[in-house]
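Me: I have a model open and want to learn how to read it. Can you take me through it, feature by feature?

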Amino acid sequence: LAKVCRFLDLAPPDFVAPRNVHAARNIAYPSQLQPEDRTLLADIYRPDLTRFEELTSINVSFWTQRWP
């Protein structure tokens with residue numbers, strides 16, 4: 001914040017309380033993702049990831065690998 005204030009030529013605030021925003025909650029999920037669930041999700045997202053790969057030239061093929 002101090003760097004931003006200096007850049008904007010503003011006086012920094014006396015105190016800024018830290019905030020925890022959009023932090024993941026600690027959740028005890030009742031079940032684990034099953035291999036067939038992973039396969040289904042990979043199949044759903046494969047076309048989007050293929051297009052992403054075409055646009056960015058980043059190899060993401062392992063993101064949709066078949067799970068045992």
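Reply: Start with one caution. This is a predicted model.

Me: What does the secondary structure of the protein chain come to?

Reply: The protein chain has two helices and zero strands. Helix 1 covers 2-7. Helix 2 covers 35-56.

Me: How does the radius of gyration of the protein chain read against a compact globule?

Reply: Set the value beside the one for a compact globule of 68 residues. That globule would be near 11 Å, but the protein chain has 22 Å. Then look at the box. The C-alpha atoms fill roughly 55 × 40 × 15 Å along the principal axes.

Me: How many of the 68 residues are buried, as a percentage?

Reply: Buried means under 20% relative accessible area. Here, buried residues make up 9% of the 68. Now take the surface as a whole. The accessible surface of the protein chain is about 6,700 Å². Carbon and sulfur atoms hold 58% of that area.

Me: Which residues make the nonpolar surface patch?

Reply: Leu1, Val4, Phe7, Leu8, Leu10 and Val16 make it, and it spans about 650 Å². Take leucine 1 as a case. Leucine 1 sits in the segment before helix 1. Is leucine 1 buried or exposed? Exposed means over 50%. Leucine 1 has a relative accessible area of 58%, so it is exposed.

Me: How many positive and negative side chains does the protein chain have?

Reply: There are 8 positive and 8 negative side chains. The centres of the two sets lie 5 Å apart.

Me: How many salt bridges does a search of the whole structure find?

Reply: A salt bridge needs a side-chain nitrogen of Lys or Arg within 4 Å of a carboxyl oxygen of Asp or Glu. The search finds two. In one, arginine 46 meets aspartate 43 at 2.6 Å, N to O. In the other, glutamate 54 meets arginine 51 at 3.4 Å, N to O.

Me: Where do arginine 46 and aspartate 43 lie?

Reply: Both lie in helix 2, three residues apart, which is about one turn of the helix. Arginine 46 has a relative accessible area of 25%, so it is partly exposed. Aspartate 43, at 32%, is partly exposed.

Me: Why are glutamate 54 and arginine 51 separated by about one helical turn?

Reply: Because they are three residues apart in helix 2. Glutamate 54 has 52% relative accessible area, so it is exposed. Arginine 51 has 46%, so it counts as partly exposed.

Me: How far apart in space are proline 18 and glutamate 54?

Reply: Compare sequence with space. Proline 18 and glutamate 54 are 36 residues apart in sequence and 41 Å apart in space, C-alpha to C-alpha. Proline 18 is in the loop between helix 1 and helix 2. Proline 18 has 76% relative accessibility, so it counts as exposed.

Me: How do I read phi?

Reply: Most residues other than glycine have a negative phi. Histidine 22 has a positive phi, near 60°. Serine 57 also has a positive phi, near 60°.

Me: Where do histidine 22 and serine 57 lie?

Reply: Histidine 22 lies in the loop between helix 1 and helix 2. Histidine 22 is exposed, at 82% relative accessible area. Serine 57 lies in the segment after helix 2. At 68% relative accessibility, serine 57 counts as exposed.

Conventions. Residues are numbered from 1 along each chain as its sequence is written. This is a predicted model: local features need pLDDT of at least 70, side-chain atom pairs count only at pLDDT 80 or more; totals for chains, interfaces and linings use all residues. Side-chain values use heavy atoms; hydrogens and water are left out. Patches are made of residues with over 30% relative accessible area and no salt bridge: like charges are joined within 9 Å, nonpolar side chains (Val, Leu, Ile, Met, Phe, Trp, Tyr) within 5 Å. Accessible areas come from the Shrake-Rupley method with a 1.4 Å probe; for residues, only the protein chains shown count as cover. Helices (H or I, at least four residues) and strands (E, at least two) are DSSP runs, numbered from the N terminus. Buried means under 20% relative accessible area, exposed over 50%, partly exposed in between (1.4 Å probe, protein chains only). The radius of gyration is taken over C-alpha atoms; the globule rule is 2.2 Å times the number of residues to the power 0.38. Lys and Arg count as positive and Asp and Glu as negative; His and the chain ends are not counted. The place of a charge is taken as NZ of Lys, CZ of Arg, CG of Asp or CD of Glu.
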